[in-house]
Amino acid sequence: MKKYRKILIFCFLFVLSFSFVACEKKDEVSISNKNKIKQIKFPNEKDNNIDLKIYFADNDSESDSDIAKEERLLKKEEIIGELIIQELIKGPAVKGSLKPIFPKETRLLSFSIKDSVAYVNLSKEAYHAPMSYNNEKAYLKCIVWSLTQLPSIKKVKLLIENKNINNLTKNFDLSKPIERDDLKSDTPKEGM
């Protein structure tokens, strides 16, 4: 199942590269790529789903190899959400003042959207404590702002290695999904 997503992601990666910037700073490259994204037409797109045909080997024989198709119905915004996280992991495309939020070794283990919540399951490398209040806030804002630009996502729930996390460095409560409003305060919450 992961194989077909990787294939699809790589197909669109070239067109979508540079388009999702981790924070809300704009540059000429991201503005140009945003216009390109509007022109993308996914194959067999219907009702925000993509109907794909994935081909597999049909038999075990070395002398007679054939393929057979399996149809998959994928949610468009889950594919794009997964791609956003992959771009955040890759880091800024334009050299300048922008800094990556994840270490390069970070991997996305799974991504899904349910009831307007994006569930982002990252490898242990994504967790790099300790972080100051401001650094953790920027880390979380980059993830939440990047994903909530998709209409189907209102909140984000982070998981590390398939496990719920209550916090990263005791600055923010991550036991529940977080939204943009949870990150607008300029002062740390007491008792965290």
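**Figure 1. Strand β6 and its partners in the predicted model.** In β6, the residue K157 is the bridge partner of Y119. The model shown here and in the following views is predicted. Strand β5 (residues 117-122) and β6 run parallel and are joined by six bridges. Strand β7 (residues 163-164) is joined to β6 by two bridges, and these two strands run antiparallel.

Figure 2. Three strands, in the order β1-β2-β3, make up an open sheet with antiparallel pairing. The edges are held by β1 (45-46) and β3 (67-75); each has a single partner strand, so one side of each is left without a neighbour in the sheet. Nine bridges link strand β2 (residues 49-57) to β3 in the antiparallel sense.

**Figure 3. The nonpolar cores.** The largest nonpolar core contains 34 residues, and I85, L122, I143 and L147 have the most contacts inside it. At least two residues of this core come from each of α3, β4 (108-114), β5, α4 (133-147) and β6. Helix α4 gives the most to this core, with eight residues. Beyond its neighbours within four places in sequence, L147 is in contact with G81, I84, I85, F111, A118, V120, I153 and V156. Another core lies apart from the largest one; it has five residues, among them I50, I54, L74 and I79.

**Figure 4. Helix α4 and its surroundings.** Helix α4 has 15 residues and reaches 21 Å from its first C-alpha to its last, close to the 21 Å expected at 1.5 Å a residue. Eleven of its 15 residues are buried, so α4 is largely enclosed by the rest of the structure. The buried residues of α4 include Y133, E136, K137 and Y139. Also buried in this helix are L140, C142, I143, V144, W145, S146 and L147. The elements covering the buried residues of α4 include α3, β4, β5 and β6.

**Figure 5. Salt bridges.** The structure holds three salt bridges. In one of them, E70 is joined to R72, with the closest N and O atoms 2.6 Å apart. E70 is partly exposed at a relative accessible area of 35%, whereas R72 is buried at 15%. Another salt bridge links E87 and K90, where the closest N and O atoms are 3.1 Å apart. Both E87 and K90 lie in helix α3, three residues apart, about one turn of the helix. E87 counts as buried at 7% relative accessibility, while K90 counts as partly exposed at 41%. A further salt bridge brings together the side chains of D181 and K184 at 3.4 Å, N to O. D181 and K184 are both exposed.

Definitions and conventions. Residues are numbered from 1 along each chain as its sequence is written. This is a predicted model: local features need pLDDT of at least 70, side-chain atom pairs count only at pLDDT 80 or more; totals for chains, interfaces and linings use all residues. Side-chain values use heavy atoms; hydrogens and water are left out. Two strands pair if DSSP finds at least two bridges between them. Helices (H or I, at least four residues) and strands (E, at least two) are DSSP runs, numbered from the N terminus. A nonpolar core is a set of buried Ala, Val, Leu, Ile, Met, Phe, Trp, Tyr and Cys residues joined through side-chain atoms within 4.5 Å. Buried means under 20% relative accessible area, exposed over 50%, partly exposed in between (1.4 Å probe, protein chains only). Contact means heavy atoms within 4.5 Å. The expected span of a helix is 1.5 Å times one less than its number of residues. A salt bridge is a side-chain nitrogen of Lys or Arg within 4 Å of a carboxyl oxygen of Asp or Glu.
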